[in-house]
Amino acid sequence: MAEVFVEFSEPVMAKDGRVFVARACGSELSRNLWQGWLEFVPAVGGAVIRSGRETTQPNRQDTAYWATGLTPVYLEGALERALNPPHRPPQQAPSTSVFEGPAPDSETTPPSREGVLNPFSVYRKGESLLRSQLSALSGWHLVNIIEAYGLSEQATAELESTPSGVLVELIVAAVRERTTAGVNR
């Protein structure tokens with residue numbers, strides 16, 4: 001059964017100038033929960049207005065305590081919500097999914113390796129420039145270049161354990177060989 005926990009002595013005024021007396025009410029919602037709401041009684045007569053549920057508490061005592069802590073500003077906001085409830089558009093039925101599950105993990109598709117520079121393009125400007133630019137890169141960049149341009153038949157794990165200086169020479173030699181072979185054709 002619903003009960004009034006607090007009837008506020010200070011009147012609450014709506015934006016349109018109407019004056020109301022507010023009271024905090026509550027009732028048992030279920031065996032383990034109580035709910036609280038506000039009722040606004042017009043000072044000059046008319047229909048009583050109520051808010052939606054303002055709180056859910058674990059018991060009657062906590063609901064009564066909630067009611068004692070309400071401020072005039074809170075009451076004004078609750079009156080405004082009660083007078084002008086928010087418009088909620090009708091819910092649409094959920095559409096069906098196109099797929100039966102998520103995309104496969106990226107781990108199943110090996111990441112593509114991209115070289116940070118095109119060794120053939122740099123080689124055309126000079127072998128020493130290619131060697132100089134490659135020497136400025138880290139080992140994993142060099143391995144990526146080798147793999148991206150297919151410059152070695154060695155396994156990735158083997159290349160990753162190869163010193164950077166050796167990788168630079170491997171790239172330069174492979175590019176020189178392919179470029180020379182292309183010219184002699």
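The legends below describe close-up views of a predicted model. Residues are numbered from 1 along each chain as its sequence is written, and side-chain values use heavy atoms, with hydrogens and water left out. Because the model is predicted, local features need pLDDT of at least 70 and side-chain atom pairs count only at pLDDT 80 or more, while totals for chains, interfaces and linings use all residues.

**View 1. Confidence of the model.** The mean pLDDT (the predictor's confidence in each residue, from 0 to 100) of the protein is 88, and 93% of residues reach 70 or more.

**View 2. Strand pairing around strand 3.** Strands pair if DSSP finds at least two bridges between them. Strand 3 (residues 19-30) runs antiparallel to strand 1 (residues 3-7), with 4 bridges; E3 has G26 as its bridge partner. Strand 2 (residues 12-13) is also antiparallel to strand 3, through 2 bridges, and M13 is partnered by V19. In the hairpin of strands 2 and 3, with 5 residues between the strands, G17 takes a positive phi near 95°. Strand 4 (residues 33-42) is joined antiparallel to strand 3 by 10 bridges, with A22 opposite F40. The hairpin between strands 3 and 4 has 2 residues.

View 3. T63 is in helix 1 (residues 60-68) and is buried, at 0% relative accessible area (buried is under 20%, exposed over 50%, partly exposed in between, with a 1.4 Å probe and protein chains only). Its contacts (heavy atoms within 4.5 Å), not counting residues up to four places away in sequence, are F5, G26, W34, Q35, G36 and Q57. The T63 side chain also reaches the backbone oxygen of N59 at 2.9 Å.

View 4. A salt bridge places a side-chain nitrogen of Lys or Arg within 4 Å of a carboxyl oxygen of Asp or Glu. R23 and E39 form one, with the closest N and O atoms 3.0 Å apart. R23 is in strand 3 and E39 in strand 4, 16 residues apart. R23 is partly exposed at 23%, whereas E39 is buried at 18%.

View 5. R176 and E127 meet in a salt bridge at 3.0 Å, N to O. R176 lies in helix 7 and E127 in helix 4 (residues 127-135), so the pair ties together parts 49 residues apart in sequence. E127, R131, E169 and R176 are linked in a network of salt bridges.

Methods. A polar contact is a pair of N or O atoms within 3.5 Å; within protein, one must be able to donate a hydrogen and the other to accept it, and residues adjacent in sequence count only if both atoms are side-chain atoms.
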